[in-house]
Amino acid sequence: MRHAWRVSDVRTAEQALMATVPPGALMQRAAAGLARRCAWLLEQRYGRCYGARVLLLVGSGDNGGDALYAGARLRRRGASVSALLLTPDRAHRGGLAALRAAGGRVVTELPDALELVLDGITGIGATGGLRPAAAQLAARLPELRAADGGAPPVVAVDVPSGVAVDTGDVPGVALPADLTVTFGCLKPALVVGPAAPLAGRVELVDIGLDPYLRSGPAVSVPELPDIAAWWPRPGPRASKYTRGVVGVATGSAGYPGAALLSVAGALAGPAGMVRYAGSAASQVVTAYPAVVVAESVAAAGRVQAWACGSGLGQGHAAAAVLRSVLAAPVPVVLDADALNLLVDGSFAGALRERRAPLVLTPHDGEFSRLAGRDPGPDRVEAALQLAARTNATVLLKGDRTVVATPAGAAYVNSTGTPALASAGTGDVLCGLLGALLAGGVPPAEAAISAAYLHGWAGRRAERAGPVTAMAVAAALPTPDSILQGTG
Ligand SMILES: NC(=O)C1=CN([C@@H]2O[C@H](COP(=O)(O)OP(=O)(O)OC[C@H]3O[C@@H](n4cnc5c(N)ncnc54)[C@H](O)[C@@H]3O)[C@@H](O)[C@H]2O)[C@@H](O)CC1
């Protein structure tokens, strides 16, 4: 699991660490790691660092200082390094002196040809998007050509300039990077929100900060070994009942497809049995003979968790289904129409009386209706607030899906793809999540595991052509199969 910390926590930790090392040592650690990765990138792309033309974009803070010191190191490795200072009178003095001493130059114009750009305009001290001079430079970077005829890669120093570091919002113009070399720890903008894809590949340079990061992380990013560790594995005495039975209450006469999709998702999970309850029972059992079907939730028999909502409709019948599901003393995941049914408050009593875990899986529109406001620029905070208000685990869908718990923990999924923004994929997610809950996985772990595998399946389906929800369901792997390379 990787973790990201907010700026105030990073600064507190940096101050504590700085008190234990000689002045300037941290910046040298950062610059050394940055220069090493830039040299590696130049060697990978052009076969050599020697002679490569490197441009430093230098802002007024320590982020620019990192770029200048790294530039000095690259110059000593034989690169031709020039620095464009956005505010020349405020550029980092020590860094500038080091660059000049190593034989680097200051330029006032963007060169025509370059092999590498280092973005040291702003780091964690940024406020707002790029200011006009930097924004104009950023707009001209795609015109540049490297020796091999391609566009020179951009390496962001710590974070891409122009992003809101704590939230992952992009409030104005930002400079996209191919690689971000970040120092000490991840920051939220590298993993969540529209900023995350602008970071490109993210590499962490250890500057010794870990022991000083004493607060909890702003957001955690589970990785495949975490998902694998949470995935239930049947023991030798397992039966379909001990593995868990998931109930699926989705679909309606108008939307029988939603039932098929959520059942397909549930079948890909770790539960021992899938029961379907609803009006699409005959379609479901025809498509999936292993599913045990019933006409209603009451007639479905025992289940260990319910997945409810996709394609349910919003009339009286749908409300009755939701009421039965909420009355069951087992974990429940609610999606789509079930979320919309919650909006008018008529289920407030049923929700208050529940003791078993509840997971809500809204997209932005459903979130807005439930929370009474858009998720806004801070998606992690928005999800946490809704989780606290509803006492439910909230899975806020997006390119980087966020999972927030009522206890205040937040996770972000790293496998998502915009290709999953297609009809019916959420139904598949809901079924899979229900099966994980039925298998005994706690709500936050179940939600983030489902998001991870769903994102992974979306990417896999994408490689085969336009993404359909059924293709996503068919591509759902188990974590072990991904780890073994057979997923
Ligand atoms: N504090 C530490 O111990 C370390 C800090 N390091 C570096 O220091 C950086 C933080 O340095 P600073 O606190 O000086 O902050 P920044 O380097 O992010 O710069 C802040 C400056 O940029 C200007 N600025 C703010 N928003 C802007 C915008 N939108 N457009 C243009 N200019 C803008 C402000 O006038 C301010 O002077 C980190 O990101 C990292 O790169 C590293 O050297 C590692 C150690």
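Predicted model: local features only at pLDDT ≥ 70, side-chain atom pairs only at ≥ 80, totals over all residues.
Asn 63 belongs to helix H3, which comprises residues 62–76. The UniProt annotation "binding site", from an unreviewed entry, covers Asn 63 together with Asp 119 and Ser 161. These positions are spread over 99 residues of sequence, yet they cluster in space, with a largest C-alpha distance of 9.7 Å.

**Surroundings of Asp 119**
- Asp 119 is located in strand S5, formed by residues 116–120.
- Asp 119 counts as buried because it has 32 C-beta neighbours inside 10 Å.
- With neighbours within four places in sequence left aside, the residues in contact with Asp 119 include Val 154, Val 155, Ala 156, Val 157 and Pro 160.
- Ser 161, which the UniProt record also annotates as "binding site", is among the contacts of Asp 119.
- Leu 57, Leu 175 and Ala 177 are likewise in contact with Asp 119.

**Domain arrangement**
- The protein is divided into domain 1, residues 2–216, and domain 2, residues 224–483.
- A distance of 40 Å separates the C-alpha centres of domain 1 and domain 2.
- Contacts between the domains involve eight residues of domain 1 and eight residues of domain 2.
- On the side of domain 1 that touches domain 2, five residues are nonpolar, two are polar and one is charged.

Technical notes:
Residues numbered from 1 in each chain as written. Domains from an automatic or database assignment. Contact = placed C-beta atoms within 7 Å. Nonpolar A, V, L, I, M, F, W, Y, C, P; charged D, E, K, R; others polar. UniProt positions renumbered as here; feature names shortened; annotations may be inferred. Helix = DSSP H or I, 4+ residues; strand = E, 2+ residues; numbered from the N terminus. Buried ≥ 20, exposed ≤ 12 C-beta atoms within 10 Å, placed from the backbone.
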